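Please read the following note beside the sequence and the three-dimensional view. The points are numbered so that each may be checked in turn.

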Amino acid sequence: LQTCGRVENPQIDGKSSNVNLGLQPFNNSYTTFIPSLPVSKTFNSTQTFKLSYTKRIQRPSLQFLNPFINQANIQNQSQGNPGLSPEVSQTVELNFNTYIKSSVINTSIFYKYTNRIIESLINPKLVTVPAAGGGTQDIYVNRTTYANIGTNKSFGASFFGSVTPIEPLTIRGSITAYTYHPEAEGQFAAQQTSNGTYFQYNAFLGGSLTLKGGFTAETFAILNSPRRTIQGKNPSFGFIGFGVRKEMMKKRASIGFNTLSPFKETIDFDQDIVGKHFVQTNHTAFPFRSFGLTFSYNFGKLTAKPDNPLQQKKGLNDDLKQGDQNGAGGGVSGPR
């Protein structure tokens, strides 16, 4: 039995030095107590059960806070909200972890309650823009803003496994699946058009094969389900990658080749948003196919970082909410 906690009290104030911009001063200070209470029991030194209660705070990133209007696309504008409060989530999780020779299996089930969830909202706006023949004209545009719209309750499960069926081959995989049931409050209840309980997931599958002569080959695939909001859904996302590297000079150096999405030049995103007075469908294609060469050299006793770009790196500041993360993930592979 272990317990710990911390208290956060950020003092945030903002005021524009240029009064001509029309930006209002804001204050967004808050105090949050963040406890953690795990209880674990180990059997036979290889199997561990853990029941835990955790609280987490997730702050909005700059994308959500920037008050300036992005008019790169005059029809679809966006504007951040510096008055956003952080999301606060509470999770109860039962976890099981076991080691079988060189294999690892980790599973969990969890319940997560999140308050002040941050979501994007689209509202039609009447704006004045330059007319083609001179002068100005009034047109309706869709403007995306961000708000703490209410609460969410999620049930979910996760699985992670790493197995070595034969000595040169290692296979790793993870999946987190969970429900998403947002409940808008106050003024945002009138903007909620998606009222159901939705199933979401994110999955990863990868493998590495050690070959003779210092060669290592790797591959992986990532798949995320569509992400729901109170106004509709954002698109699913998935891609695959391959890589091979060769160790040289008594393992002090390595050279590698890698590729992402080699069989598809672009990744398509289809967004469907429904408001009280509008329907918006967006189709976007991002160029994603890439090929690259890497080289690394280890000086002295320093340990070089993995030169394989297929290995994901965890951000240093992982308490920032990025994009439209509304995941309720628990376990080893979901957002915490």
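1. Two strands pair if DSSP finds at least two bridges between them. Helices (H or I, at least four residues) and strands (E, at least two) are DSSP runs, numbered from the N terminus. With these terms, E9 and E10 can be described as a hairpin with five residues between them. In the turn, Gly-134 has a positive phi of about 105°.

2. The model is predicted, so local features need pLDDT of at least 70 and side-chain atom pairs count only at pLDDT 80 or more, while totals for chains, interfaces and linings use all residues. Residues are numbered from 1 along each chain as its sequence is written, and side-chain values use heavy atoms, with hydrogens and water left out.

3. Strand E9 covers residues 103-130 and strand E10 covers residues 136-166. The two pair in the antiparallel sense over 26 bridges. Within the structure, Tyr-111 stands opposite Phe-155 in E10.

4. Ile-166 is found opposite Leu-169 in E11.

5. Strand E12 (residues 182-184) also pairs with E10 in the antiparallel sense, over three bridges; here Gly-150 stands opposite Ala-184 in E12. Strand E7 (residues 76-79), by contrast, runs parallel to E10, and three bridges join them. Ser-78 stands opposite Thr-144 in E10.

6. The terms are set by relative accessible area: buried means under 20%, exposed over 50%, and partly exposed in between (1.4 Å probe, protein chains only).

7. What surrounds Asn-142? Leaving out residues up to four places away in sequence, Asn-142 touches Gln-75, Asn-76, Gln-77, Ile-122, Asn-123, Pro-124 and Gln-280. Contact means heavy atoms within 4.5 Å. The side chains of Asn-142 and Gln-280 also make a polar contact at 2.5 Å. A polar contact is a pair of N or O atoms within 3.5 Å; within protein, one must be able to donate a hydrogen and the other to accept it, and residues adjacent in sequence count only if both atoms are side-chain atoms.

8. Side chains of opposite charge can pair when their charged atoms come close. The structure holds five salt bridges, each being a side-chain nitrogen of Lys or Arg within 4 Å of a carboxyl oxygen of Asp or Glu. One of them joins the side chains of Arg-59 and Glu-8 (2.2 Å, N to O). This pair links distant parts of the chain, with Arg-59 in strand E5 (residues 47-60) and Glu-8 in strand E1 (residues 4-8), 51 residues apart. Both Arg-59 and Glu-8 are buried.

9. Glu-218 forms a salt bridge with Arg-172 (4.0 Å, N to O). Glu-218 lies in strand E14 (residues 215-224) and Arg-172 in strand E11 (residues 169-180), so distant parts of the chain, 46 residues apart, are linked. Glu-218 counts as buried at 12% relative accessibility, whereas Arg-172 is partly exposed at 25%.

10. The side chain of Glu-218 also meets that of Arg-245 in a salt bridge (3.8 Å, N to O). Because Arg-245 lies in strand E17 (residues 237-248), this pair ties together parts that are 27 residues apart in sequence. Elsewhere, salt bridges that share partners join Arg-6, Glu-8 and Arg-59 into one network.
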